[in-house]
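I opened a new page for this chain. These entries record what I looked up and what came back.

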Amino acid sequence: MSFDDNVLEVPESLPMLPVRDIVVFPYMILPLYVGRESSIKAVEESLSKNRLIFLASQKEVTDDNPTENSIYTVGTIAMIMRMRKLSDGRVKILIQGVSKGRILSFKQSDPNFEVQIEKIPDNETLGSPIEYEAMIRNAKEQLEKIIALGRALSPDILLILDDITDPGRLADLIASNLGLKVSDAQMVLETPHPKDRLKLVNEILANELEVLQMQTRIRNTAKDEMTKSQREYFLREQMRAIKSELGEADSKTEEVDDIREKIMNVGMTEEVQKETLKQLSRLEKMHPDASEASMVRTYLDWMTDLPWNKSTNDRLDLDEAQKILDEDHYDLTKAKDRIMEFLAVRKLKNDMKGPILCFVGPPGVGKTSLGKSIARAMGREYLRISLGGIKDEAEMRGHRRTYVGAMPGKIIQALKQVKSNNPVLVLDEIDKLGSDFRGDPSAAMLEILDPEQNSTFRDNYLNVDFDLSNVLFVATANVYDNIPPALRDRMETIHISGYTENDKALIARAHLVDRQIENNGLTKDQVTFTDEGLAFLISHYTRESGLRNLEREIGSVCRKVAKKVILEKAKHLTIDEDQVVELLGPPRFLRDEALKESQVGIVTGLAWTQAGGETLFVEALGMKGKGRLTLTGQLGDVMKESAQAAWSYAKSHYKALGIANEWFEKHDVHIHLPSGAIPKDGPSAGITMTTALISLMTNRPVRHDIAMTGEVTLAGRVLPIGGVKEKALAALTQGITNIILPLGNKKDISDIPEEFKSKLNFLFVDNLDEVVALAFDKKRSKKKVTGSKSGKKPKTPAAASAA
């Protein structure tokens, strides 16, 4: 059934049916489902009269109760061809558009809309027929291309279009079948002139064709590049849809909710929480299989695993802490006192920042293990970070998340591992940090170890501030000078000297022997170490500042004892000096024996090494010559300068020292320090070489029961030196009890244990006159000058001014 709009009479007012999401064109036949009560009444009123109804589109699709202002004024007069009531209360009608119309006024809106309308006739087709034909053909061609590109349209549309020559009707038919937006379709409906309407439809078709062509190119490219992961993506989406239909939970939603709960409960600051929630929001919008999603998920795992407000309670029982420190380490008084001071202040002040300590000393003295003992004494978590050989700054400060495989720096990693924000972190071998084109790690350490900055430490990976002020940092180093000056300035340095032989014996007796006996499957009933055996092993088989080699040698003895127990059925072995030689072979290190008698030109000096103190003989020999000074024994620059200073002092004070005037013109002097393969340096041999020279030039022997150490100046002043404790114990080991020390070292005597101090006689001097007065053996003084081969007696030199 069809209607001719030129013949059909249309009344002035008609019931109006607001249409939600479609624009109805003239000659268009389609079904409509009517559900609103007012719309059903409009349909019933139309059917009760002339079956005509006015169809106008809503401006807002979601508006359930449209008003006069929310309805387009231009619509279509339609004829209701059929009507059927549905079981759910709705009505299904089949309508056919008859003609365009315009609302002049709203006569009523309740119970249904009724509007006064005017019919809008199509303008006459004016213009060149060729132009219209070109526009019609262009429209048909574009529509064919759109259908060819896969746009779903009625299959009969092209056949119907072949029979239409009117440009207005062609434009309406194409617009009604393209599925346009309401606003675009309404624009076509409201265009009165057929030429303008067809031109607008052509533009719409051209735009649609361009979109479809681009879509086709994208689809082809995506198809070519589709990989296994993309196929899995579609499969997972289907699986997710299936699970959703089955009522199973969405794992991604659960994961996001779980992470959000952790963020809210982990104790982040407001700024950090804001940034973390921002990243969570990004993750929520990503597909789970996207490459960036895994990076964001890893970042969120780091953020929620860090101990933002988790800390351990410090053990503030000072007596218990002192007991633990003493159990683990012998001596190390300065380091232990500093920890006890921190605990005392911590007990008085709760918000105290953690100290930043640096233990400097030779290998094997217990620097790293002391950090572990500090953690045990304080009840804190402990972790060691090895810094030796690190050259990349990102190792400390973290990588930026833009890099593949990015991760936080070692400090943040350590905090995650210990699950506490106030652990004891030992930064081992801080003097061995390197640097290259990737940056300088020591520069990053400046922020980490600065109490004023580390409360807002920003790791490149996290990109938020983390408070390190509660961490107790303990750095260790072997060589103080290798630590950059700016880094040294940020740390409280505690120097730990090497152990003396007596210290090693006490530590071995308290810790090492029992540990090695147990490690090697022995019992105390099967092996016993005597004090003499231990002392012999220490002095003749080890030469170190620490205890590592000593423990190895004790372990070697225990292994050989275990072998005897198994093979020779030995019941018990006592490890004395002879047994040590039998098990370990000949001694590896032999000490120079102390002088048996006083000699001219030979003086016992004292030296400090990383392995402890050593006695050092200075030998001076005179020979015929022209006043040249020769130095041998692999001496360093400082020691050579000390020898030159001694030579100059003797020449300038020859009268006061009793040296013959012509002695320097007729003799050369050779000063030698034995053990020439060992490099030697330092200023502390100054008075020793001066005494040896004066002894040679005056032919007076130096006491064999005296040792000395001290720096000398050209004016004859004796300046203080270091390593007093080690040097004094080395002299005592050789049976020498009289020690000449600079007056400025009197304060250092307190470092020597009382049991050894009582056996020593310290002679403090301020100038070389006092040294000369104390050093020479007056009972065996000779009047003959060494190096004079003539039978004549030289004149007796004048007495030294200090004698």
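Which strands do the buried residues of H1 pack against? I note before answering that the model is predicted. I found that the buried residues of H1 pack against strands S1 (13-19), S2 (29-34), S3 (52-57), S4 (74-85), S5 (91-108) and S6 (114-120). I listed the buried residues of this helix as Ser 39, Ile 40, Ala 42, Val 43, Glu 45 and Ser 46.

I then checked the length of H1, which covers residues 37-48. Its 12 residues, at 1.5 Å a residue, should span 16 Å, and I read 17 Å between the end C-alpha atoms, so the two agree.

Next entry, the chain as a whole. I counted 28 helices and 24 strands in its secondary structure. I compared its radius of gyration, 51 Å, with the value near 28 Å that a compact globule of 803 residues would have. Along the principal axes, I got a box of roughly 165 × 65 × 55 Å for the C-alpha atoms.

Of the 803 residues, 46% are buried. Among contacts with a separation of 6 or more, I found that 73% join residues 24 or more positions apart. I noted an accessible surface of about 41,200 Å², with 49% of it belonging to carbon and sulfur atoms.

Last entry, cysteines. I searched the whole structure for disulfides and found zero.

Methods:
Residues are numbered from 1 along each chain as its sequence is written. This is a predicted model: local features need pLDDT of at least 70, side-chain atom pairs count only at pLDDT 80 or more; totals for chains, interfaces and linings use all residues. Side-chain values use heavy atoms; hydrogens and water are left out. Helices (H or I, at least four residues) and strands (E, at least two) are DSSP runs, numbered from the N terminus. The expected span of a helix is 1.5 Å times one less than its number of residues. Buried means under 20% relative accessible area, exposed over 50%, partly exposed in between (1.4 Å probe, protein chains only). Contact means heavy atoms within 4.5 Å. A disulfide is a pair of cysteine sulfur atoms within 2.5 Å. The radius of gyration is taken over C-alpha atoms; the globule rule is 2.2 Å times the number of residues to the power 0.38. Accessible areas come from the Shrake-Rupley method with a 1.4 Å probe; for residues, only the protein chains shown count as cover.
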